[in-house]
Every structure is written in structure tokens, then in C-alpha cells.
Amino acid sequence: LVLGTALVDMYTKCGMLEKARFILFDKIPIPNSITWNSLIAGYVQNERCKEALNYFNCMQIRGSMPDAVTFTCCLRACGSLNDLEKGAEIHAQIVRNGLLGNEVSVGNALVDMYANLGLLMKARDAFEKLTARDIVSWTSLIGGYSKHGDGQEALNCFKQMQLEGLPPNTHTFVCSLKACSCIGAITDGEQLHASIAAEDFDRNLFVGSALVDMYANNGFFMEAQEVFDNLPKRDIVSWNALITGFVKHGYSKEALKGYERL
């Protein structure tokens with residue numbers, strides 16, 4: 001069982017899902033939850049989420065009980081598939097198993113699933129029921145508000161997170177900058193920029209691209225260009241942020257010059 005589980009884990013992490021499936025079904029007489037989790041996580045990581053949920057059902061039919069890792073993976077799968085019905089079913093199962101208050105990873109996955117689906121009230125309700133919140137909890141909620149157009153609430157959450165003493169990570173900064181970009185909150189964006197520079201995150205490609213987008217989207221091209229020029233490398237996202245900003249504000253020649261430099 002131990003060796004078989006290790007083989008399943010190795011093959012899934014190498015993207016060889018059919019080999020992992022063969023080991024689990026044909027070589028391990030009684031797989032345990034760890035074995036099933038390795039298979040399910042591999043299918044989710046390789047974006048084959050529908051099959052992951054099928055194996056979640058199969059796991060239970062064959063007598064293995066899901067645990068926090070299983071539920072976390074399956075909630076991610078539901079979020080990717082926009083499958084609210086299955087997500088709600090798993091949510092109910094988590095509550096029945098008494099895992100919601102005791103497992104931060106499960107609570108975070110619930111917040112993230114509902115936030116990604118745009119069900120922000122449900123995401124907030126799941127967030128409020130967490131007995132402990134970490135940076136992942138806050139970032140999932142901030143990202144959901146930002147993604148679905150409620151930039152002000154995203155920024156309110158960011159400020160509350162800081163008041164509770166949790167330092168933001170790169171993903172938190174990216175989500176919060178996106179919120180500033182959407183609602184034109186340049187003052188908040190400049191304050192974020194100062195915090196980002198203080199943490200030396202402004203040279204991070206993802207954070208830097210989000211800064212370029214915020215400034216360029218709101219017509220602050222000198223600031224956008226300065227951040228862009230200071231990036232150690234640029235990808236299509238950072239170039240698109242600058243070019244799109246030029247186009248949005250009527251600077252077609254500058255947009256074409258940017259395209260020629262790309």
C-alpha cells in the first residue's frame with residue numbers, strides 16, 4: 001500500500017495520470033484515503049476536474065472516507081468547473097463531517113470556490129465562519145470581490161486584513177491593485193505601490209504588471225512607464241497592460257510604438 005501510494009503520487013505529479021490510475025485500480029487491493037487523494041489531486045492539478053470528481057464519488061463507493069485534503073481538492077475542481085450544485089453538495093458533506101471549523105484549508109477552499117463563482121455573499125458567510133483566518137482566506141475573498149467588480153469592498157477587506165496584522169503576499173497585492181484599477185482608486189493604488197516597494201515586490205513580474213495596468217488604465221502613463229521600465233523582465237501581460245492603457249486613453253501612436261517594441 002505504501003509503495004503503491006508513492007507510485008500513484010509520482011505518476012500524478014509527472015502528469016502521467018493513466019499510469020497512476022492503473023496502479024490504483026489494478027495493483028492496490030484496498031487503497032486508503034491518501035492513495036485516493038494523490039489521484040484526485042493529480043487530476044485537479046492537470047485540469048481534468050470532472051474526472052477528479054468522478055474519482056471522489058468512486059472513492060466513497062469503494063469505502064474510503066474523504067478527509068480535509070480530499071474536500072479541498074474537490075472544491076477546487078468545482079470552482080474550475082463552475083459546478084455550484086456539486087460544490088454545495090460537498091459543502092453540506094463537510095458540515096456533516098464537522099470539518100468546517102477545524103480545518104483552515106477546507107474553509108479557505110470554500111471561500112475560494114464561492115468567490116470564483118461570483119457568489120460573494122456565500123463566500124463572505126464561509127469566511128466569517130472560519131475560526132482562524134490566514135493570508136489565503138483573505139486573499140481568496142479579496143480576489144473574489146475584485147474579479148466580480150466590487151473593487152471598493154476588495155480594498156475594505158485588504159485594509160481590515162492589515163489591521164488584523166496579516167502581511168499581504170504577491171497575490172494579495174495583485175488582487176488589490178486590480179480593484180484599484182477597476183474603480184479608479186489611484187490614491188489607494190499609490191499607497192499600495194509604496195507598500196509594495198517597501199517589501200521589494202515591485203520587481204516581481206506579476207505585481208509589476210498589475211501596477212502597470214493600474215496606472216495605465218487610469219491614464220497615469222509616466223508612472224506606468226516607470227514601473228514597466230524597472231521590471232527585470234517583461235511578458236505579454238505587462239506589455240498588454242501598457243498598450244491597452246494607451247489605446248483606452250486615445251494614444252494610438254504610443255500603443256503602436258509599444259507593439260513594435262514587443
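Contact is taken here to mean heavy atoms within 4.5 Å. In this predicted model, that criterion was applied to Asn-37, a residue of helix α3 (residues 33–45). Leaving aside neighbours within four places in sequence, Asn-37 is in contact with Met-59, Asp-67, Val-69 and Thr-70. The relative accessibility of Asn-37 is 7%, and Asn-37 therefore counts as buried, the cut-off being under 20% relative accessible area.

In soluble globular proteins, nonpolar side chains tend to be buried together. The largest nonpolar core of the model comprises 78 residues. Within this core, the residues with the most contacts are Ile-40, Ile-90, Ile-94 and Leu-177. For Ile-90, when residues up to four places away in sequence are not counted, the residues touched are Leu-53, Phe-56, Phe-71, Cys-74, Leu-75 and Cys-78.

Helix packing was examined for α9 (residues 135–147) and α11 (residues 170–183). The axes of these two helices lie 9 Å apart and form an angle of about 25°. Because angles under 35 degrees count as roughly parallel, α9 is described as roughly parallel to α11. The crossing of α9 past α11 is left-handed. On the α9 side, the contact is made by Ile-135, Thr-139, Ile-142, Gly-143, Ser-146 and Lys-147; α11 contributes His-171, Thr-172, Cys-175, Ser-176, Lys-178 and Ala-179. By residue class, the contact of α9 with α11 consists of four nonpolar, six polar and two charged residues.

Conventions: Residues numbered from 1 in each chain as written. Predicted model: local features only at pLDDT ≥ 70, side-chain atom pairs only at ≥ 80, totals over all residues. Heavy atoms only, no water. Axes fitted to C-alpha atoms, helices over the stretch in contact; angles between N-to-C directions. Helix = DSSP H or I, 4+ residues; strand = E, 2+ residues; numbered from the N terminus. Parallel < 35°, antiparallel > 145°, perpendicular 65-115°, else oblique. Left-handed = near helix turned anticlockwise from the far one by under 90°. Nonpolar A, V, L, I, M, F, W, Y, C, P; charged D, E, K, R; others polar. Core = buried A, V, L, I, M, F, W, Y, C linked by side-chain atoms within 4.5 Å. Buried < 20%, exposed > 50% of the residue type's maximum accessible area, 1.4 Å probe, protein only.
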